[in-house]
Amino acid sequence: MTANEENEQVKAEKFKLSDLWKKEDWLSIWGAFLVIAVAAVGVLSGLYDFSGAKFAAWGEGKPFLAVFTKAFGLKLALTFAAFAALFTAGNRLEGRKAGRFFVAFAGLFLLTCAVRLLSAQVTFNRYLEYAFWALILGLAVSNTVKTPGWLKPALRTEFYIKTGLILLGAQVLFSNIQKFGLYGLGIAWGVTPIVIVFMWWFGVKVLKIKNKPLVITVAAATSVCGTSAAIAAAAAAKAKKTDLAFAVGTSLIFTVLMMVGLPFFIKAVLIEPMIGGAWIGGTVDSTGAVVLAGQALGDIGGQVAALVKMIQNILIGFVALAIAIFFTTRVDADRSAGGKVGVSEIWHRFPKFILGFVFASLFFSFVMQPVVGVEQTNAVIKHLKEFQNWAFALAFTSIGLETNFKELCGQVQGGKPFQLYIVGQVFNLVLTFLVAWLLLSGRIFPVPTINT
């Protein structure tokens, strides 16, 4: 199947009860909820520890061999067993051959281990996320020795992405809004939708980029939080794998530049740390990079940057939901006969995994946290974090293994997507600074108190 055929919209089949255990969207929901349930029971009961493996940092004085402890080996085996069982069962329920998938998945998991190990190197980890290294390793294999046929059954990119996004949903807590109140909402939620709409208009109307899923994926990555938002937007808009690879790659490269350059500029022109921190939190794409850049401004700047980014992260689910509805009712409808679709057709086309993301977020925010408390909820989230990272790492390794440089370079389209990102990010920087200054300078509203 070609990329165009894969993304072509066709009339969806009517819903059948068997879709609940045979379709990828629903299987990703049940699989993610199973992981959530097992992790939560383990934390709340204290009987066992069900969490994903995390490679310890190495390099710059931290010995490489110290990574491979017995405890880490057991965690790694648990992570492989959990995901192998989860995704093999999903493939079998979809009617695929479980044996072929399991063997291929073992190979993919080993490659992803190499990615996670590489990204744990202290210097690499400081500047670039695992997604970058996953793409690089996958592209290196697919464009040199070629991806072997036996490995291809495991390249289920969308399955891994959807499962990871639902696990991410559990970590998006609405309680973060309370920590910075209306100030954080004004900066994070007031600016983001405007930037997305502006970038959509600029990309489609001004640059006339025909690949609309690419436009919305780049817009989400720029305006919300980089990799995670790009993944959610790409899945909601049914973007091609190369669209996602381009958006994430571009976002990561400019994240490094902004992480280093923005704090330096803020200090050079004597911008107040609180305003500077809010500016960083609203514009630097990666959460990890936001924390590092914010800390360069001191405790107040670091806390404000992290709070604004956490509040902004809450938008991921809403943005994905809005994109899914917009593409289903408007963009994809324009390609169908008559340009309109009915309510039932909207439901058929709507990516169901987004419901899982939203439900997980709402459940942890308004049920889990009030019932078991903040500390226990955060403990469960900590256990889920690495499973989410593994799911995304598997997805990006798969993208790299399925992509050739010629196809990836074809996304540039004469440099228009780069123009879209740069113009959008400049617009984002200007608008975010203006809003941050209006809210936090003390000229109009009282300056909020931040405990350091």
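User: The expected span of a helix is 1.5 Å times one less than its number of residues. How far apart are the end C-alpha atoms of helix H4 (residues 70-93)?

Analyst: This is a predicted model, in which local features need pLDDT of at least 70, side-chain atom pairs count only at pLDDT 80 or more, and totals for chains, interfaces and linings use all residues. Residues are numbered from 1 along each chain as its sequence is written, and side-chain values use heavy atoms, with hydrogens and water left out. Helices (DSSP runs of H or I, at least four residues) and strands (runs of E, at least two) are numbered from the N terminus. H4 has 24 residues and should span 34 Å at 1.5 Å a residue, which agrees with the distance between its end C-alpha atoms: 34 Å.

User: What covers the buried residues of H4?

Analyst: Buried means under 20% relative accessible area, exposed over 50%, and partly exposed in between (1.4 Å probe, protein chains only). In H4 the buried residues include Phe72, Leu76, Phe83 and Phe87. Contact means heavy atoms within 4.5 Å. The cover includes helix H3 (24-45), H5, helix H8 (157-169) and helix H19 (374-402).

User: Is threonine 112 buried or exposed?

Analyst: Threonine 112 is found in helix H5 (residues 98-119). Apart from neighbours within four places in sequence, threonine 112 is in contact with Trp390, Ala393, Leu394 and Thr397. Its relative accessible area is 0%, so threonine 112 counts as buried.

User: Which residue's backbone oxygen does the side chain of threonine 112 reach?

Analyst: A polar contact is a pair of N or O atoms within 3.5 Å; within protein, one must be able to donate a hydrogen and the other to accept it, and residues adjacent in sequence count only if both atoms are side-chain atoms. At 2.8 Å, the side chain of threonine 112 reaches the backbone oxygen of leucine 108.

User: What is the relative accessibility of lysine 208?

Analyst: Lysine 208 lies in the loop between helix H9 (176-206) and helix H10 (212-225). Its phi is positive, near 55 degrees, in a residue other than glycine. Lysine 208 counts as exposed because its relative accessibility is 57%.

User: What is the relative accessibility of leucine 270?

Analyst: Leucine 270 sits in the loop between helix H12 (241-268) and helix H13 (273-283). Although not a glycine, leucine 270 has a positive phi of about 60 degrees. Leucine 270 counts as exposed, its relative accessibility being 74%.
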